[in-house]
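Let's take a walk through this structure together, starting with a pair of helices and then turning to the pockets.

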Amino acid sequence: MERWIIYAFISMLFAGFTAVIAKQGLVGISAELGLTLRTLFVCVFIIVFGLMTIAPNEVKSLQQANYLWLSLSAATTAGSWIFYYKALKMGDVATVALIDKGSVVVSVLLAWWLFKEIITLRIVIGAMLIVTGIMVISKK
């Protein structure tokens, strides 16, 4: 198995734990306060991770495009997190987490449009199953 696939599965596991742990962390506080505190912790963890793993000379290779695209990514991440935490505070973890995973379909379509990635029958079926799952689980 390729290393990136292993990393993706590890990411999936962390993301799954994140929703449940966050829901518990929101007990008695607002979604906004919980998100702010969580983001501060994430910032510290990522800075420590970066200090341990990034070679100092790599910083010199940053281009203006890196700053532009990564700042846009940060803005969309912030938007995602803000509304995820609002939904998590009010809704069931399983429902919120599954609807959030609909982002996979958005990512597939954007990758096809912007990067000309191939959408295979396997990807179409998987995306349709995700959309079907979202429709099934979001109906009460």
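What you see is a predicted model. Begin with helix H2 (residues 31–53) and helix H3 (residues 64–90), whose axes come within 9 Å and cross at roughly 130 degrees. Angles over 145 degrees would count as roughly antiparallel and 65 to 115 as roughly perpendicular, so H2 is oblique to H3. The crossing of H2 past H3 is right-handed.

Now look at the side of each helix that takes part. H2 brings Ala 31, Glu 32, Gly 34, Leu 35, Arg 38, Thr 39 and Val 42 to the contact, and there they meet Trp 81, Ile 82, Tyr 85, Lys 86 and Lys 89 of H3. Sorted by class, the residues of this contact are 6 nonpolar, 2 polar and 4 charged.

Next, turn to the largest pocket, with a volume of about 2,300 Å³. Its lining counts 50 residues, and those nearest the centre are Ser 11, Ala 15, Trp 81, Asp 100 and Lys 101. At least two lining residues come from each of helix H1 (3–25), H2, H3, helix H5 (103–115) and helix H6 (121–138). H1 gives the largest share, 15 residues. The lining of this pocket holds 34 nonpolar, 12 polar and 4 charged residues.

Note on methods. Residues are numbered from 1 along each chain as its sequence is written. This is a predicted model: local features need pLDDT of at least 70, side-chain atom pairs count only at pLDDT 80 or more; totals for chains, interfaces and linings use all residues. Side-chain values use heavy atoms; hydrogens and water are left out. Axes are lines fitted to C-alpha atoms, for helices over the stretch in contact, and angles run from 0 to 180 degrees between N-to-C directions. Helices (H or I, at least four residues) and strands (E, at least two) are DSSP runs, numbered from the N terminus. Angles under 35 degrees count as roughly parallel, over 145 as roughly antiparallel, 65 to 115 as roughly perpendicular and the rest as oblique. A crossing is left-handed if the near helix is turned anticlockwise from the far one by less than a right angle, and right-handed if clockwise. Contact means heavy atoms within 4.5 Å. Ala, Val, Leu, Ile, Met, Phe, Trp, Tyr, Cys and Pro count as nonpolar, Asp, Glu, Lys and Arg as charged, and the others, Gly among them, as polar. On a 1 Å grid over the protein atoms alone, a cavity is a set of points where a 1.4 Å probe fits but cannot get out, and a pocket is an open set with protein on both sides within 12 Å along at least five of seven lines; lining residues have an atom within 4 Å of a point. Grid points are joined across faces, edges and corners, and a volume is the space filled by probe spheres set on the points.
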